[in-house]
Amino acid sequence: MKISVIGCGYLGAVHASAMAELGHDVVGIDVDAAKIASLAAGNPPFFEPGLPEILISATASGRLRFSTDIADAAGSQVHFIAVGTPQKAGSHAADLTYVDAAVSALIPHLAPGDLVVGKSTVPVGTAARLAEQVESSGSGASLAWNPEFLREGFAVRDTLTPDRLVYGVPAGVAGEQPAALLNEIYASALAAGTPLVVTDYATAELVKVSANAFLATKISFINAMAEIAEVTGADVTQLAEAIGFDDRIGRKFLGAGVGFGGGCLPKDIRAFTARAEELGRGESVAFLKEVDKINLRRRQRVVDLTVEALGEKLHGSKVAVLGLSFKPHSDDVRDSPALDVAVQLHGLGVDVVATDPEAIHNARVRHPQLGYEALIDDALRDADVVVLVTEWPEFRALDPIWAASLVRNRVVVDARNSYDPQVWRAAGWAYYGLGRP
Ligand SMILES: NC(=O)C1=CN([C@@H]2O[C@H](COP(=O)(O)OP(=O)(O)OC[C@H]3O[C@@H](n4cnc5c(N)ncnc54)[C@H](O)[C@@H]3O)[C@@H](O)[C@H]2O)C=CC1
Ligand SMILES: O=C(O)[C@H]1O[C@H](OP(=O)(O)OP(=O)(O)OC[C@H]2O[C@@H](n3ccc(=O)[nH]c3=O)[C@H](O)[C@@H]2O)[C@H](O)[C@@H](O)[C@@H]1O
């Protein structure tokens, strides 16, 4: 099938490449000329495992091309909207400027029978409004909402083999053709037994934001338990293990630590709250404000523990910050807890030297004032405190005996509860975890 993907960021570039990998004929469109040039040359403009391979094979096969001209969407039958929906400046609501601009620019290039498919995460009610715009344009096209659940770091795998597919389509017979087109696009995943939910627009939009709200709530729940553990001497990692054995609870997303960040969970729970308030149902999701507060308190806790570990002497002290991306296997520093902690410590007068396998460039663009080292040994050298904030495998594997030979003081703040306190203490380190003694 001929497909256009409008917006080629973390979501769209992967979606376009994966659709071409599945055999579709795809054009990726973005207003960012540098991004498009990089993608067209087979170089992803961001780090995502597995993306270079499928991008190169799809562009070489001729099934995938890129353009900055929306007119190149003409001739495709299905048009995915994958542009950003960031938090609005000065508000918690989602900024729909990019979605609105993309749909308005696309409409003149639509042909009868075309399908516009929303992938971006939007406030409930957006799809119905855009469907009205597409239908009243006289283009003869229709609209579906097909939210995306991929995780950065696993984006290629999650797109090729999703754990579920959700289509929000118009009611009645008008929904049949959109669902049939999407079934054709996702034929391989459906043949492999991927669960499919075909529903209305509002449900599809809410499935997406409620899934992220649930994940965020689960993380803040365990972090709230960490706060209680901290004043009682309990160990939140054992607590998570023990409650996680209950299948109804499950162990995933019970990793207590510095909390969640990224381009999605934080802004999505805020946008959900803002939308619920607009709908007069703010109280239904008021708990998400608490989820957000607990999450931000954990960043502060890491800063406070580091300051405590440094003692009185902040100016002239050196802190090695291990990790800058919001999670391992990504170079994304949007609302990264790691970067937030590094910036706060720098603001207190500490000499911060940060390292990360992939995110130094993105971090440096935003915060040139921080010190950066590409190699972990250079970051650790003469450090007074080591703070692990993003649990990349190479940081998890850090040998405390080797690290001890580099630092000035053996003090570690393990903001992801990734190390075994006994092993580190046996190597002479003062160990600070989050919610564990
Ligand atoms: N990053 C992720 O893992 C996931 C993101 N999402 C959602 O997908 C959407 C996109 O997110 P990301 O890819 O992370 O954002 P991003 O910021 O990486 O990419 C957005 C892209 O849209 C482009 N763009 C903006 N206006 C445009 C226009 N009028 N025409 C063409 N291109 C335009 C931008 O230049 C940028 O390259 C958001 O709604 C996000 O919540 C959903 C699931 C996963
Ligand atoms: O809407 C989105 O963009 C995506 O948001 C999240 O995916 P992602 O942001 O890539 O990353 P996650 O793996 O969910 O991690 C989010 C944050 O939570 C943190 N986290 C995760 C798990 C945990 O136990 N503890 C914890 O603090 C991570 O370190 C990270 O900062 C969701 O998991 C995806 O399903 C969704 O599609």
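Select K35 and, leaving aside its neighbours within four places in sequence, look for its contacts, which are C8, D30 and P45; two residues are in contact here if their C-beta atoms, placed from the backbone, lie within 7 Å. K35 sits in helix α2 (residues 33–40), where helices (H or I, at least four residues) and strands (E, at least two) are DSSP runs, numbered from the N terminus. K35 counts as buried because 21 C-beta neighbours lie inside 10 Å; a residue is buried if 20 or more other C-beta atoms lie within 10 Å of its own, exposed if 12 or fewer, and partly exposed in between, with C-beta atoms placed from the backbone.

Before moving on, note that this is a predicted model, in which local features need pLDDT of at least 70 and side-chain atom pairs count only at pLDDT 80 or more, while totals for chains, interfaces and linings use all residues. Residues are numbered from 1 along each chain as its sequence is written, and chains are lettered from A and ligands numbered from 1 in the order in which they are written.

Next, select D30, K35, T85, T121, E152, K267 and R334 together, which the unreviewed UniProt entry annotates as "binding site". These residues span 305 residues in sequence and the farthest two C-alpha atoms are 23.5 Å apart, so they do not all gather at one spot. UniProt positions are given in the numbering used here, feature names are shortened, and annotations may be inferred rather than shown by experiment.

From that set, centre on R334, in the loop between β9 (318–322) and α13 (337–347). R334 counts as buried because it has 20 C-beta neighbours inside 10 Å, and, not counting residues up to four places away in sequence, R334 touches G262, G263 and F326.

Now go to C264, which the unreviewed UniProt entry annotates as "active site", and which is found in the loop between α10 (236–244) and α11 (265–278). C264 is buried, with 24 other C-beta atoms within 10 Å, and it touches T121 and N212, not counting residues up to four places away in sequence.

T121 leads on to ligand 1, since T121 is among the closest of the 27 surrounding residues, together with G7, G9, L11 and S120; a residue is near a molecule if its C-beta atom, placed from the backbone, lies within 6 Å of it. Helix α4 (residues 97–106) gives the most to this shell, with four residues. By type, the shell around ligand 1 divides into 14 nonpolar, eight polar and five charged residues, where Ala, Val, Leu, Ile, Met, Phe, Trp, Tyr, Cys and Pro count as nonpolar, Asp, Glu, Lys and Arg as charged, and the others, Gly among them, as polar.

For helix α3 (residues 51–61), display the buried residues L51, I54, L55, A58 and T59. Seen down the axis of α3, these residues fall within an arc of 120°, so they line one face of the helix; the arc is that of the directions from the helix axis to the C-beta atoms. They pack against α1 (12–21), α2, β3 (64–67) and α6 (155–160), whereas A60 and S61, on the other side of α3, are exposed. G62 follows α3 and has a positive phi, near 85°.

Finally, colour by domain: domain 1 (2–199) and domain 2 (200–437), with bounds that come from an automatic or database domain assignment. Their contact takes 28 residues from domain 1 and 27 residues from domain 2. On the side of domain 1 that touches domain 2, α5 (126–136) and β7 (165–168) each supply at least two residues, and α5 gives the most, with four residues.
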